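Q: I would like a close look at a single part of this model, with its surroundings described in one connected account.

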Amino acid sequence: DYTPQKHHKFTFGLWTVGNVGRDPFGNAVREPLAPTYIVKKLSELGAYGVNLHDNDLVPIDATAAERDRIVAEFKKALDDYGMRVPMATTNLFYDPVFKDGAFTSNDPKVRAYALQKTMRAMDLGAELGAEVYVFWGGREGVETDASKDPREALKRYRECLNFLAEYDIEKGYNFKFAIEPKPNEPRGDIYLPVVGAALGFIATLNRPEKFGLNPEYAHETMAGLNFVHAVAQAIDAGKLFHIDLNGQKIGRYDQDYRFGAEDLKTNFFLVKLLEESGYEGMRHFDAHAYRTEDEEGVWDFARGCMRTYLILKEKAERFNADPEIQGLLHELNTDSEGIGGLIRSYSPSNAQRIMEMQFDRAALGKRGYAYEKLDQLTMEILLGVR
Ligand code: 3MF
Ligand code: MG
Ligand code: MG
Ligand code: MG
């Protein structure tokens with residue numbers, strides 16, 4: 001039974017199931033869905049919560065009174081349907097004011113406006129009970145490097161994030177700030193293009209402990225990278241604060257397909273990694289239905305994301321319980337002579353013993369690792385014949 005339950009911690013953005021199918025070559029193909037209706041539908045499908053940009057809920061030009069009315073209605077829907085808002089973020093990319101970036105714009109007025117908009121959106125996120133606050137720098141980039149020195153851009157980016165960390169502390173919000181890297185689109189190049197770049201940047205902030213990552217499958221995959229390795233590095237650094245799950249082909253435009261729709265094997269190892277790592281955050285889907293779909297197709301899409309995750313989770317359990325696979329893995333990881341212990345940490349005596357070892361290089365080079373067998377057994381689990 002692959003029925004999603006609240007305890008699975010599945011979340012969707014309002015902007016995901018609410019996506020109306022606009023693309024650079026064509027207009028909307030679906031009617032917008034009211035946020036309160038999305039809350040109801042997702043709850044019925046078994047999701048835990050819904051995430052949002054400020055303007056997914058409150059229009060950018062809303063008056064204070066309109067804002068309060070919209071937020072009150074939305075909170076009522078959350079209560080009525082037992083839904084939470086675990087993550088909030090700022091739309092710093094849609095309005096023309098951000099065409100040269102938000103925190104990295106050449107215009108200091110735009111940078112100040114971006115800070116104001118983010119502080120207000122943090123107030124909103126805190127009011128809705130969000131614990132994670134995401135920074136996707138969608139417009140933080142360039143088409144031409146003639147326009148700004150990338151070192152200056154990083155300096156501005158850092159100043160703004162440092163500023164917002166202090167705002168968070170002063171207000172007592174205690175958000176976990178999660179940076180979401182992306183290599184390009186909508187800018188020709190976006191700063192902090194991949195997970196590794198963001199990890200390096202976090203170390204230069206005033207309060208690195210407040211910052212972590214929100215890696216997205218599509219974004220690392222657009223760059224042709226192995227998403228499982230990126231997530232593993234974030235976990236290894238204690239920085240996996242959130243995750244954006246979806247589907248994407250390498251080398252294409254930003255597709256945001258249903259989770260698991262592309263590269264089943266990578267997604268299998270991704271789910272296995274998340275489940276085995278002790279990651280306790282949300283399983284968030286940042287994706288949307290194909291443009292061919294009507295509203296029914298949107299809910300098929302949402303169901304599909306969660307169902308595929310649960311199927312892959314079960315496949316991971318099957319992988320772990322498979323005697324032949326486990327036998328191969330056991331053989332690969334045996335260390336009958338205790339050599340691994342010598343490598344684990346440097347000491348003069350460990351160095352001495354390694355220096356004195358006689359290696360049969362030819363024999364070591366002839367060894368077969370049986371990865372063909374291992375991968376085929378994995379494939380057979382995924383293909384449902386094992
Ligand atoms: C774009 C994205 C964004 C971010 C969002 C913050 C609109 O490719 O992935 O979605 O995820 O802004 O979470
Ligand atoms: Mg994305
Ligand atoms: Mg995307
Ligand atoms: Mg995303």
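How many bridges join strand E4 (residues 132–136) to E6, and in which sense do the two strands run?

A: This is a predicted model, in which local features need pLDDT of at least 70 and side-chain atom pairs count only at pLDDT 80 or more, while totals for chains, interfaces and linings use all residues. Residues are numbered from 1 along each chain as its sequence is written, and chains are lettered from A and ligands numbered from 1 in the order in which they are written.

Strands E4 and E6 run parallel and are joined by five bridges; helices (H or I, at least four residues) and strands (E, at least two) are DSSP runs numbered from the N terminus, and two strands pair if DSSP finds at least two bridges between them. Within this pairing, Phe135 has Ile179 of E6 as its bridge partner. E6 also pairs with strand E8 (residues 211–213), again in the parallel sense, over three bridges, and here Phe177 has Phe211 of E8 as its partner.

Strand E6 (residues 176–180) is largely enclosed by the rest of the structure, because five of its five residues are buried, a residue being buried if 20 or more other C-beta atoms, placed from the backbone, lie within 10 Å of its own, exposed if 12 or fewer, and partly exposed in between. In a regular strand the side chains alternate between the two faces of the sheet. In E6 both faces are covered, with Lys176, Ala178 and Glu180 buried on one side and Phe177 and Ile179 buried on the other.

Ala178 is also among the residues that touch the most other members of the largest nonpolar core, which holds 85 residues, and Tyr133 and Leu213 are others in that group. Such a core is a set of buried Ala, Val, Leu, Ile, Met, Phe, Trp, Tyr and Cys residues joined through C-beta atoms within 7 Å. Leaving aside residues up to four places away in sequence, Leu213 touches a set of residues that includes Ala178, Ile179, Val195 and Phe241, contact being defined by C-beta atoms, placed from the backbone, that lie within 7 Å.

Glu180 is one of the residues around ligand 1, a group that also includes Val134, Trp136, Lys182 and Glu216; a residue counts as near the ligand if its C-beta atom, placed from the backbone, lies within 6 Å of it. The shell around ligand 1 divides into three nonpolar, three polar and six charged residues, where Ala, Val, Leu, Ile, Met, Phe, Trp, Tyr, Cys and Pro count as nonpolar, Asp, Glu, Lys and Arg as charged, and the others, Gly among them, as polar.

Note on methods: Two residues are in contact if their C-beta atoms, placed from the backbone, lie within 7 Å.
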